[in-house]
Amino acid sequence: MTDADTTTATTDWGAWQQSWDRQQEWYMPDREERFRIMLDMVEALVGTAPRVLDLACGTGSITARLLDRFPDATSTGVDLDPALLAIAEGTFAGDGRVTFVTADLKDPDWPAALPHDSYDAVLTATALHWLHREPLADLYGHVAGLVRDGGVFMNADHMIDDTTPGINAAERALRHARMDRARRDGALDWAEWWQLAAKDPVLAGPTARRFAIYGEHADGDMPGAGWHAAVLREKGFAEARPVWCSPSDTLLLALK
(Lines give C-alpha, C1' and ligand atoms only; values in the text may rest on other atoms or scores of the structure.)
Protein backbone atom coordinates (compact mmCIF):
# COMPACT_ATOMS: atom_id res chain seq x y z
CA MET A 1 0.00 0.00 0.00
CA THR A 2 1.35 3.42 -0.93
CA ASP A 3 1.38 6.59 1.15
CA ALA A 4 -1.41 7.92 -1.07
CA ASP A 5 -3.63 4.87 -0.40
CA THR A 6 -3.76 5.56 3.35
CA THR A 7 -4.19 9.33 3.24
CA THR A 8 -6.42 10.09 0.26
CA ALA A 9 -9.47 10.65 2.45
CA THR A 10 -7.80 13.32 4.58
CA THR A 11 -5.38 15.01 2.19
CA ASP A 12 -6.33 17.75 -0.27
CA TRP A 13 -4.40 16.41 -3.23
CA GLY A 14 -5.96 19.03 -5.50
CA ALA A 15 -4.37 21.75 -3.39
CA TRP A 16 -0.96 20.09 -3.68
CA GLN A 17 -1.43 19.80 -7.45
CA GLN A 18 -2.27 23.50 -7.68
CA SER A 19 0.68 24.39 -5.50
CA TRP A 20 3.02 22.39 -7.74
CA ASP A 21 1.57 24.03 -10.85
CA ARG A 22 2.05 27.53 -9.42
CA GLN A 23 5.65 26.75 -8.48
CA GLN A 24 6.39 25.39 -11.96
CA GLU A 25 4.71 28.37 -13.61
CA TRP A 26 7.05 30.68 -11.74
CA TYR A 27 9.83 29.19 -13.86
CA MET A 28 7.71 28.70 -17.01
CA PRO A 29 4.86 31.20 -17.43
CA ASP A 30 4.10 29.60 -20.83
CA ARG A 31 3.76 26.10 -19.32
CA GLU A 32 0.12 25.68 -20.28
CA GLU A 33 0.85 26.70 -23.87
CA ARG A 34 3.36 23.88 -24.29
CA PHE A 35 0.84 21.40 -22.86
CA ARG A 36 -1.81 22.65 -25.30
CA ILE A 37 0.45 22.24 -28.31
CA MET A 38 1.55 18.81 -27.05
CA LEU A 39 -2.06 17.63 -26.91
CA ASP A 40 -2.84 19.27 -30.26
CA MET A 41 -0.14 17.08 -31.80
CA VAL A 42 -1.39 14.00 -29.97
CA GLU A 43 -4.81 14.57 -31.52
CA ALA A 44 -3.36 15.27 -34.95
CA LEU A 45 -1.16 12.17 -35.07
CA VAL A 46 -2.74 9.46 -32.89
CA GLY A 47 -6.31 10.62 -32.25
CA THR A 48 -8.44 11.35 -29.20
CA ALA A 49 -8.34 8.00 -27.39
CA PRO A 50 -4.61 7.33 -27.12
CA ARG A 51 -2.74 5.01 -24.82
CA VAL A 52 -0.14 7.35 -23.31
CA LEU A 53 3.03 6.85 -21.30
CA ASP A 54 3.58 9.89 -19.06
CA LEU A 55 7.36 9.65 -18.73
CA ALA A 56 8.90 11.05 -15.53
CA CYS A 57 5.32 11.99 -14.68
CA GLY A 58 5.85 13.78 -11.37
CA THR A 59 2.47 14.77 -9.95
CA GLY A 60 0.71 13.76 -13.19
CA SER A 61 0.52 17.22 -14.79
CA ILE A 62 0.42 15.84 -18.32
CA THR A 63 -2.01 13.07 -17.39
CA ALA A 64 -4.44 15.57 -15.84
CA ARG A 65 -4.53 17.70 -18.96
CA LEU A 66 -4.66 14.65 -21.22
CA LEU A 67 -7.75 13.23 -19.52
CA ASP A 68 -9.47 16.61 -19.29
CA ARG A 69 -9.16 17.00 -23.05
CA PHE A 70 -9.49 13.33 -24.07
CA PRO A 71 -11.76 11.45 -21.64
CA ASP A 72 -11.28 8.20 -23.57
CA ALA A 73 -7.50 8.28 -23.22
CA THR A 74 -5.54 6.08 -20.81
CA SER A 75 -2.27 6.92 -19.12
CA THR A 76 0.61 5.09 -17.48
CA GLY A 77 2.70 7.41 -15.31
CA VAL A 78 6.24 6.33 -14.49
CA ASP A 79 8.55 8.06 -12.04
CA LEU A 80 10.91 7.35 -9.15
CA ASP A 81 10.08 10.32 -6.91
CA PRO A 82 7.99 8.98 -3.98
CA ALA A 83 6.64 12.40 -2.96
CA LEU A 84 5.46 13.48 -6.40
CA LEU A 85 4.08 10.00 -7.02
CA ALA A 86 2.15 10.21 -3.74
CA ILE A 87 0.45 13.37 -5.00
CA ALA A 88 -0.21 11.75 -8.37
CA GLU A 89 -1.64 8.57 -6.85
CA GLY A 90 -3.81 10.53 -4.46
CA THR A 91 -5.10 12.78 -7.22
CA PHE A 92 -6.11 9.94 -9.55
CA ALA A 93 -7.18 7.39 -6.94
CA GLY A 94 -10.08 5.33 -8.28
CA ASP A 95 -9.62 6.45 -11.90
CA GLY A 96 -9.32 3.24 -13.91
CA ARG A 97 -7.81 5.11 -16.85
CA VAL A 98 -4.61 5.79 -14.92
CA THR A 99 -1.82 3.52 -13.68
CA PHE A 100 1.35 4.61 -11.90
CA VAL A 101 4.64 2.72 -11.91
CA THR A 102 7.68 3.33 -9.75
CA ALA A 103 10.82 2.86 -11.83
CA ASP A 104 14.28 4.37 -12.29
CA LEU A 105 14.72 5.58 -15.87
CA LYS A 106 18.47 5.01 -15.55
CA ASP A 107 17.81 1.30 -15.01
CA PRO A 108 17.96 -0.40 -18.43
CA ASP A 109 15.17 -2.77 -17.37
CA TRP A 110 12.65 -0.06 -16.45
CA PRO A 111 10.28 -0.80 -19.40
CA ALA A 112 9.63 -4.27 -17.94
CA ALA A 113 7.68 -2.64 -15.10
CA LEU A 114 5.15 -1.08 -17.49
CA PRO A 115 1.69 -2.63 -17.97
CA HIS A 116 1.88 -2.36 -21.79
CA ASP A 117 4.51 -3.22 -24.38
CA SER A 118 3.66 -0.30 -26.67
CA TYR A 119 2.08 3.14 -26.55
CA ASP A 120 0.49 5.53 -29.02
CA ALA A 121 2.30 8.44 -27.41
CA VAL A 122 5.10 8.90 -24.90
CA LEU A 123 4.99 12.39 -23.38
CA THR A 124 7.30 14.20 -20.99
CA ALA A 125 7.83 17.80 -19.89
CA THR A 126 10.57 19.56 -17.94
CA ALA A 127 11.85 16.30 -16.53
CA LEU A 128 14.73 14.87 -18.57
CA HIS A 129 17.16 17.80 -18.34
CA TRP A 130 18.70 16.17 -15.26
CA LEU A 131 20.15 13.45 -17.52
CA HIS A 132 23.47 13.83 -19.30
CA ARG A 133 23.82 13.03 -22.99
CA GLU A 134 24.80 9.36 -22.78
CA PRO A 135 22.05 8.18 -20.40
CA LEU A 136 19.53 10.38 -22.22
CA ALA A 137 20.46 8.79 -25.55
CA ASP A 138 20.04 5.36 -23.93
CA LEU A 139 16.62 6.41 -22.62
CA TYR A 140 15.60 7.57 -26.10
CA GLY A 141 16.45 4.11 -27.36
CA HIS A 142 14.08 2.54 -24.84
CA VAL A 143 11.39 5.07 -25.74
CA ALA A 144 11.75 4.21 -29.43
CA GLY A 145 11.06 0.59 -28.53
CA LEU A 146 7.87 1.54 -26.68
CA VAL A 147 6.28 3.81 -29.29
CA ARG A 148 4.20 1.90 -31.87
CA ASP A 149 4.73 2.50 -35.56
CA GLY A 150 2.92 5.73 -36.37
CA GLY A 151 3.07 6.80 -32.75
CA VAL A 152 4.82 9.82 -31.26
CA PHE A 153 7.26 10.89 -28.59
CA MET A 154 7.27 14.46 -27.31
CA ASN A 155 9.69 16.12 -24.93
CA ALA A 156 9.10 19.69 -23.74
CA ASP A 157 12.19 20.82 -21.88
CA HIS A 158 15.11 23.22 -21.57
CA MET A 159 17.13 22.89 -24.79
CA ILE A 160 19.93 25.41 -24.90
CA ASP A 161 21.48 26.65 -28.16
CA ASP A 162 25.09 27.28 -27.20
CA THR A 163 25.78 29.07 -30.50
CA THR A 164 23.79 32.15 -29.39
CA PRO A 165 25.33 33.24 -26.05
CA GLY A 166 24.26 36.89 -26.40
CA ILE A 167 20.63 36.00 -27.05
CA ASN A 168 20.71 33.44 -24.25
CA ALA A 169 22.08 35.93 -21.73
CA ALA A 170 19.54 38.63 -22.63
CA GLU A 171 16.62 36.20 -22.40
CA ARG A 172 17.85 34.84 -19.09
CA ALA A 173 18.26 38.33 -17.60
CA LEU A 174 14.72 39.34 -18.58
CA ARG A 175 13.23 36.06 -17.35
CA HIS A 176 14.96 36.32 -13.99
CA ALA A 177 13.89 39.94 -13.54
CA ARG A 178 10.28 38.83 -14.00
CA MET A 179 10.82 35.92 -11.61
CA ASP A 180 12.20 38.32 -8.98
CA ARG A 181 9.05 40.45 -9.25
CA ALA A 182 6.89 37.35 -8.86
CA ARG A 183 8.86 36.32 -5.78
CA ARG A 184 8.11 39.67 -4.20
CA ASP A 185 4.43 38.90 -4.83
CA GLY A 186 4.72 35.62 -2.94
CA ALA A 187 5.65 33.02 -5.58
CA LEU A 188 7.42 29.92 -4.24
CA ASP A 189 10.58 28.60 -5.84
CA TRP A 190 11.51 24.92 -6.16
CA ALA A 191 13.43 24.76 -2.86
CA GLU A 192 10.70 26.52 -0.89
CA TRP A 193 8.05 24.19 -2.27
CA TRP A 194 10.04 21.18 -1.10
CA GLN A 195 10.49 22.75 2.31
CA LEU A 196 6.71 22.92 2.64
CA ALA A 197 6.36 19.31 1.52
CA ALA A 198 8.93 18.23 4.12
CA LYS A 199 6.84 19.83 6.87
CA ASP A 200 3.55 18.27 5.76
CA PRO A 201 2.55 15.27 7.92
CA VAL A 202 1.56 13.22 4.87
CA LEU A 203 4.39 14.15 2.50
CA ALA A 204 7.24 14.39 5.02
CA GLY A 205 8.14 10.71 4.75
CA PRO A 206 7.98 10.50 0.93
CA THR A 207 9.93 13.77 0.69
CA ALA A 208 12.70 12.42 2.90
CA ARG A 209 12.89 9.31 0.72
CA ARG A 210 12.93 11.50 -2.37
CA PHE A 211 16.01 13.42 -1.22
CA ALA A 212 17.69 10.18 -0.18
CA ILE A 213 17.30 9.02 -3.80
CA TYR A 214 18.13 12.21 -5.67
CA GLY A 215 20.00 14.47 -3.29
CA GLU A 216 19.77 18.15 -4.19
CA HIS A 217 18.54 19.28 -7.60
CA ALA A 218 21.08 18.85 -10.40
CA ASP A 219 20.90 19.54 -14.12
CA GLY A 220 22.34 17.48 -16.93
CA ASP A 221 23.86 18.77 -20.16
CA MET A 222 20.70 20.37 -21.70
CA PRO A 223 21.84 20.10 -25.35
CA GLY A 224 20.05 21.96 -28.11
CA ALA A 225 17.03 20.73 -30.05
CA GLY A 226 19.20 19.61 -32.98
CA TRP A 227 21.00 17.10 -30.77
CA HIS A 228 17.71 15.66 -29.48
CA ALA A 229 16.27 15.36 -33.01
CA ALA A 230 19.39 13.68 -34.37
CA VAL A 231 19.58 11.14 -31.54
CA LEU A 232 15.89 10.29 -31.80
CA ARG A 233 16.30 9.60 -35.53
CA GLU A 234 19.35 7.45 -34.78
CA LYS A 235 17.28 5.47 -32.27
CA GLY A 236 14.57 4.59 -34.77
CA PHE A 237 12.20 7.53 -35.23
CA ALA A 238 11.40 8.46 -38.82
CA GLU A 239 11.01 12.19 -38.23
CA ALA A 240 11.90 14.59 -35.42
CA ARG A 241 11.71 18.36 -35.09
CA PRO A 242 10.52 21.16 -32.80
CA VAL A 243 6.80 21.93 -32.95
CA TRP A 244 6.85 24.75 -30.38
CA CYS A 245 9.51 26.82 -28.70
CA SER A 246 10.00 29.71 -26.34
CA PRO A 247 13.25 31.68 -26.01
CA SER A 248 14.56 29.02 -23.60
CA ASP A 249 12.51 25.84 -24.09
CA THR A 250 11.48 23.54 -26.92
CA LEU A 251 8.73 20.99 -27.50
CA LEU A 252 10.36 18.39 -29.73
CA LEU A 253 8.20 15.82 -31.52
CA ALA A 254 9.45 12.52 -32.93
CA LEU A 255 7.26 10.36 -35.20
CA LYS A 256 7.92 6.61 -35.31
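**His228**

I started with histidine 228, which is buried, at a relative accessible area of 3% (buried means under 20% relative accessible area, exposed over 50%, partly exposed in between, with a 1.4 Å probe and protein chains only). This is a predicted model, so I kept in mind that local features need pLDDT of at least 70 and side-chain atom pairs count only at pLDDT 80 or more, while totals for chains, interfaces and linings use all residues. Residues are numbered from 1 along each chain as its sequence is written, and side-chain values use heavy atoms, with hydrogens and water left out.

Histidine 228 sits in helix 10 (helices are DSSP runs of H or I, at least four residues, strands are E runs of at least two, and both are numbered from the N terminus). What does histidine 228 touch, not counting residues up to four places away in sequence? I found Leu136, Tyr140, Asn155, Met159, Pro223 and Leu252, with contact meaning heavy atoms within 4.5 Å.

**Cores**

Next I looked up the largest nonpolar core, which has 32 residues (a set of buried Ala, Val, Leu, Ile, Met, Phe, Trp, Tyr and Cys residues joined through side-chain atoms within 4.5 Å). Leu53, Leu55, Val78, Trp110, Leu128, Leu139 and Phe153 have the most contacts inside it. Elements giving two or more residues to this core include strand 1 (51-55), strand 5 (147-158) and helix 10 (225-234). Helix 6 gives the most, with seven residues.

I then checked leucine 55, leaving aside its neighbours within four places in sequence: among its contacts are Val78, Trp110, Leu128, Leu139 and Phe153. A second, separate core has 28 residues, including Val46, Ala73, Met154 and Ala156.

**Helix pairs**

Axes are lines fitted to C-alpha atoms, for helices over the stretch in contact, and angles run from 0 to 180 degrees between N-to-C directions. Trp190, Trp194, Ala197 and Ala198 of helix 8 meet Ala204, Thr207, Arg210 and Phe211 of helix 9.

Helix 2 (residues 13-27) and helix 5 (residues 82-91) also got a look: the angle is about 130 degrees and the axes are 9 Å apart. That makes helix 2 oblique to helix 5.

Terms used
Angles under 35 degrees count as roughly parallel, over 145 as roughly antiparallel, 65 to 115 as roughly perpendicular and the rest as oblique.
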